[in-house]
Amino acid sequence: MLGVALALALCRSARLRLLPLSPDYSRRFHKMVENSHGHITRVLFCGFQFPDSQNYTREYLHSHPYIQVDDVALDDVPNVIGKYHLCVVKMCQMNADLIAKASEMKLVMQYGVGLEGVDIDAATQHNIKVARIPGSATGNAASCAEMAVYLMLGLLRKQKEMEAAVKNKDLGMPTGETLLGKTVLIIGFGAIGVELAKRLRPFGVKIIGTKRRWSMNSENLDDSSVEDDEIDGLIDKKGGPESIYEFAGEADIVVPCLQLNAETAGIVDGKLLSHMRKGSLLVNVSRGRILDYKAVFDHLRSGHLGGLAIDVAWTEPFDPDDPILKFPNVLITPHVAGVTEYSYRKMAKIVGNCALQLHSGQPLTGIEFVN
């Protein structure tokens with residue numbers, strides 16, 4: 001009887017230890033069961049935006065109770081980051097001060113490719129690895145490319161005017177345009193650019209593109225991340241950064257497919273827009289600050305820019321009352337280009353595997369380190 005009483009007391013004690021300790025800072029704080037070594041690996045998702053990133057990761061790890069996955073409000077991240085081993089930053093600004101508090105952190109990663117909010121030098125100084133999930137490995141690049149095509153068609157077929165026509169019970173209007181016969185400039189021929197070119201080819205368009213490592217007259221690609229045979233047949237004309245203004249003057253639609261950094265911020269500025277054909281279209285599914293807001297606004301107001309479609313904005317969440325949305329030829333979607341069931345499940349698996357590898361001390365796989 002004494003043995004039974006002792007066992008019940010131990011069970012009650014174990015249950016008490018598993019109760020949430022601080023439910024006020026996290027939307028979800030799951031009960032965890034320690035493994036045989038008494039160690040829990042803790043994964044932090046910063047912020048409640050893009051909720052399926054943490055939801056799908058939890059689902060993937062549901063049979064591994066020694067991995068804890070929490071999503072925490074951005075304002076509370078500095079208060080709790082010190083006890084986590086892996087951080088998925090999402091839209092968090094991971095600056096040097098925040099990184100200094102991450103005393104247990106082993107890996108900072110993105111649920112996707114963009115790492116512009118992470119101070120990589122500071123992370124390196126604190127022996128924290130920083131990595132992105134390659135878009136080509138998850139379908140993220142393909143999802144973004146599909147969204148770019150969707151936005152192009154929305155502009156060409158005058159989506160807002162069609163919605164108005166439905167409300168007014170008008171038939172056979174407005175008269176739109178086709179992708180057939182158009183010239184599309186892809187600025188940045190990485191994973192998304194390649195996937196976009198693949199999807200545009202059947203529409204009967206001419207594709208021109210620029211990439212930093214391409215020289216203007218070169219027929220060869222000196223970037224080993226994309227194989228030559230992937231490019232063959234996808235692009236009609238290519239060049240380096242020096243070709244951007246010339247190519248902009250040839251294009252009906254311009255699509256930047258760039259990572260955001262010091263070189264690319266504001267690259268679509270007044271000079272580039274003024275080189276574009278009058279009435280040409282601009283589509284952005286990369287990062288909002290690739291575009292110079294004032295320059296874009298001014299060229300819409302003047303009528304030089306024929307239409308704008310964006311999945312990303314200068315500030316997010318985007319202000320629904322922003323003046324740029326008052327133009328009838330502007331379309332916006334809520335940063336969902338890469339948010340698909342397929343891509344998010346794939347990324348959840350990669351994040352989950354990294355957590356399991358960290359827990360067991362195995363090498364990290366499936367990610368692309370930047371330090």
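Q: What is the average pLDDT of the protein?
A: pLDDT, the predictor's confidence in each residue from 0 to 100, averages 87, and 85% of the residues score at least 70. This is a predicted model, in which local features need pLDDT of at least 70, side-chain atom pairs count only at pLDDT 80 or more, and totals for chains, interfaces and linings use all residues. Residues are numbered from 1 along each chain as its sequence is written, and side-chain values use heavy atoms, with hydrogens and water left out.

Q: Where is pLDDT below 50?
A: Residues 1–37 form one such stretch. Where pLDDT is low, the predicted coordinates should not be read in detail.

Q: Which residue of β13 is the bridge partner of A309?
A: The partner is L331.

Q: Changing topic, how many salt bridges are there?
A: The count is 15, each a side-chain nitrogen of Lys or Arg within 4 Å of a carboxyl oxygen of Asp or Glu. In one of them, E341 and R345 meet at 2.9 Å, N to O.

Q: How are E341 and R345 separated in helix α13?
A: Being four residues apart in the helix, they are separated by about one helical turn. E59, E341 and R345 are linked in a network of salt bridges.

Notes. Pairing = 2+ DSSP bridges. Helix = DSSP H or I, 4+ residues; strand = E, 2+ residues; numbered from the N terminus. Contact = heavy atoms within 4.5 Å.
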